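Colleague: I am new to this structure. Please show it to me, and then I will ask about its parts.

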Amino acid sequence: MSLTVLNAIIAVVIAIGFAALNAAYLVWAERRGAGRIQRRPGPNVNGPLGLLQPPADGIKLMTKQLVIPGGADKALFMVAPVLAMAPAIMSFVTIPFSDMIVAHSMNIGVLMIFAFASLGGMAILLAGWGSRNKYGVMASVRAVSQNISYEVPMLITVITIVMMTGSLDLKDIATSQAGGIWNWNIVPSLSAPLMPVAFLIFFTCSLAETNRAPFDLGEAESELVAGFHTEYGSMGFGLFFMGEYANIVIGASLITILFLGGWGCPLGLFPGVWWFLLKIYVLIFSFIWIRWTFPRTTIYGLLNLSWKILIPISLFNLLLTAGLLKVF
Amino acid sequence: MGAYFNEIFRGLQSLCIGLGITFKEFFQPVVTVPYPYKTIKMSERYRGHTELVEDESGNPKCVACGMCQRACPSQSISLASKSVEYEVEVKGEMKTKKKKVLTKYELNFTTCSLCGQCVESCNFGAVTFSKDYNLASFRKEDFHFDLLNRLKERNS
């Protein structure tokens, strides 16, 4: 076995471990956070502060039987949860946690992550279609139209960043913002005066891309039972859940790298992986905070927001930045 | 065009107000009570099933007159008594007197509607509402309360 193959395998194992650990404990954090916001304690029975709740949930999910509903397309039904989880794991490989910690630095890292992120929509479609459930089909139709509409403004914003940096390598993008908060992409500069708006657009789009509330039309419990994973039990459901939380971590990491200076300190001191982790967990907290603040939007409101507000503004930002980059 | 931007700004502003409210609530103390581990004190006017009131020496105040039994619209109360002789000093000499002592006071809670007629009708203030609400059982016999026994258990 050659060294590069071994390296890749180790990287993937670490990525899976990181994703699984995050998925398990973000569920805990989500439930505790939801509890605090609603002024109740949240899970607090298993272990101190309820910290043993995720292992208990995991054991329960893994020991349950996977029921395949009659009339379902077995192949698609089995493939869909894996397809939800695998792209999320793959995206971890190219995310630089600091200038030293990156599994495989690619010069087209941004492109690769967004290519894999698009597969997530495919997983939802297959899950809804394959389980032969009308709620599932309706949910996947919604989720796919949502994913397509929100990928457009997201990618336009990313193009703006790539234009400013001149590189598709996530590591280069983060290094170009080193040195302090005034170098971060979120701070407006002469050549890119609308970057805070671009940050808001990207943040909103990553909420929508990860199917998080208030954009969780794909699993609207009050209308569609559980949406695309209505028919899934045991670890099939578990994989969807893990995929969702892994996607949240990736979304937060992307926002950190593209806008918030990656592993750089706001004052330019001691850059390192700790700043990166601090930033992504603050962002994840804000995801949880937003989820438990706002009610779910309607599908029309959701698509109107994307096509009437986010896309025009991000396009305007792209053109403005392109022009100003030529001038300054 | 102005209305378009106005709507965006107004929307953003209201979203921020919402986030501010939940952020404040995040740091407020928890208001729920973890029920089986902690219970809250029941209010003064809470009406549980009835219970007997004791006097200073720990015996029931009840004189077994049977007024509550007669007042009960659903015949949920059945009580029994016996006569006991006791000695009392009257003007320097001992005399034996008789009085009724309660031997059984059974409340059939399956038919009781908590109307409070028994409490109202008692001339001696010997019956009152309890604050007991942890009442769950699979057998209806468990709701035939022996109130005399409950009084003894409370005292022990």
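Modeller: This is a predicted model. Strand E2 (residues 77–90) of chain B pairs with strand E3 (residues 93–108) of chain B.

Colleague: In what sense do E2(B) and E3(B) pair, and over how many bridges?

Modeller: B:Ser81 of this pairing stands opposite B:Leu102 in E3(B). The two strands pair in the antiparallel sense, and the number of bridges is 14.

Colleague: Which residue in the hairpin of E2(B) and E3(B) takes a positive phi?

Modeller: The hairpin has 2 residues between the strands. A positive phi near 50° is taken there by B:Lys91.

Colleague: What is the bridge partner of B:Glu106 in E5(B)?

Modeller: Strand E5 (residues 144–146) of chain B pairs with E3(B) in the antiparallel sense, over 3 bridges. In E5(B), the partner of B:Glu106 is B:Asp146.

Colleague: How many residues of the side of chain A that touches chain B are charged?

Modeller: The contact takes 11 residues from chain B and 10 residues from chain A. On the chain A side, 6 are nonpolar and 1 is polar, and the number of charged residues is 3.

Methods. Residues numbered from 1 in each chain as written. Chains lettered and ligands numbered in written order. Predicted model: local features only at pLDDT ≥ 70, side-chain atom pairs only at ≥ 80, totals over all residues. Contact = placed C-beta atoms within 7 Å. Nonpolar A, V, L, I, M, F, W, Y, C, P; charged D, E, K, R; others polar. Pairing = 2+ DSSP bridges. Helix = DSSP H or I, 4+ residues; strand = E, 2+ residues; numbered from the N terminus.
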